[in-house]
Amino acid sequence: SSRVLWTLAVTQFSKPSTSAKKYEGFLEKVPILQPLNKYERLTVADALTEVKFEDGEVIIRQGDPGDSFYIIEDGEVSIHQWAPDKSGEVELGLLKTSEFFGEIALLTNQPRAATIKAHGAVKCLRLDRQSFTRLLGPCEEILKRNLATYNIYMKM
């Protein structure tokens, strides 16, 4: 007769960290995270790192490898892309609180498709590539569907 031994990690039953509690309400308002249940959102919140940027500071640069996903907690960022004739950068638009960026490079394993700059003081929540892949599985299909919209910009 064979025997099976099941184990459970203590972390599965631990209380959420202070940062997880701090971001729980905010993450409920982030449209892309709405498919996640409360536990999944708390797990995402626990993996987030708060980062601040000053006006004009480059957060991600077009062509660089992608290593992080960002959610804007407070402020705005501007999206820039090199003009097709390489004559300079063109501003494509703004993203504001509870919007996100950086997922294209993580989903496609391609270099960054645009440059993102702080538009005034900005506070973002950053999720590294490994955590993004592990924690946002339930959102991946939605993110991939959004790629069709982004392809319009990527062809400019």
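Trainee: What pLDDT does the chain average, and what share of the residues score at least 70?
Mentor: This is a predicted model. The chain averages a pLDDT of 80. A score of at least 70 is reached by 76% of the residues.

Trainee: Which element has the lowest mean pLDDT, and which the highest?
Mentor: Helix 5, residues 140-154, has the lowest, at 59. Strand 2, residues 58-60, has the highest, at 97.

Trainee: Where does pLDDT stay under 50?
Mentor: One stretch is residues 9-14. The model has two contacts beyond four places in sequence for that stretch. Another is residues 152-156, with eight such contacts.

Trainee: How should I read the coordinates where pLDDT is low?
Mentor: Not in detail.

Trainee: OK, layout. How many helices and strands are there?
Mentor: Five helices and six strands. From the N terminus the order is α-α-β-β-β-β-β-α-β-α-α.

Trainee: How much of the chain is buried?
Mentor: Buried residues are 39% of the 156 in the chain.

Trainee: And the accessible surface of the chain, what does that come to?
Mentor: About 9500 Å². Carbon and sulfur atoms account for 52% of that surface.

Trainee: What about contacts between residues at least 6 apart in sequence: what share join residues at least 24 apart?
Mentor: That share is 76%.

Trainee: New topic. How many aromatic pairs does a search of the whole structure find?
Mentor: Four. Take Phe69 and Phe132, one of them. Their ring centres are 5.1 Å apart and their planes sit at 50°, so the pair is tilted.

Trainee: Where do Phe69 and Phe132 lie?
Mentor: Phe69 is in strand 3, residues 68-82. Phe132 is in helix 4, residues 129-135. The pair therefore ties together parts that are 63 residues apart in sequence.

Trainee: Are those two buried or exposed?
Mentor: Phe69 is buried, and Phe132 is buried too.

Trainee: What kind of pair do Tyr70 and Phe101 form?
Mentor: A stacked one. Centre to centre it spans 5.0 Å, with 10° between the planes. Tyr70 is in strand 3, and Phe101 is in strand 5, residues 100-101. They are 31 residues apart, and the pair links distant parts of the chain.

Trainee: Why do Tyr70 and Phe101 count as buried?
Mentor: The cut-off is under 20% relative accessible area. Tyr70 is buried because its relative accessible area is 5%. Phe101 is buried because its value is 4%.

Trainee: Which residues form one aromatic cluster with Tyr70?
Mentor: Phe53 and Phe101 form one aromatic cluster with Tyr70.

Technical notes. Residues are numbered from 1 along each chain as its sequence is written. This is a predicted model: local features need pLDDT of at least 70, side-chain atom pairs count only at pLDDT 80 or more; totals for chains, interfaces and linings use all residues. Side-chain values use heavy atoms; hydrogens and water are left out. Rings of Phe, Tyr and Trp (its six-membered ring) pair if their centres lie within 6.5 Å; planes under 30 degrees apart count as stacked, over 60 as edge-to-face and the rest as tilted. Helices (H or I, at least four residues) and strands (E, at least two) are DSSP runs, numbered from the N terminus. Buried means under 20% relative accessible area, exposed over 50%, partly exposed in between (1.4 Å probe, protein chains only). Contact means heavy atoms within 4.5 Å. Accessible areas come from the Shrake-Rupley method with a 1.4 Å probe; for residues, only the protein chains shown count as cover. pLDDT is the predictor's confidence in each residue, from 0 to 100.
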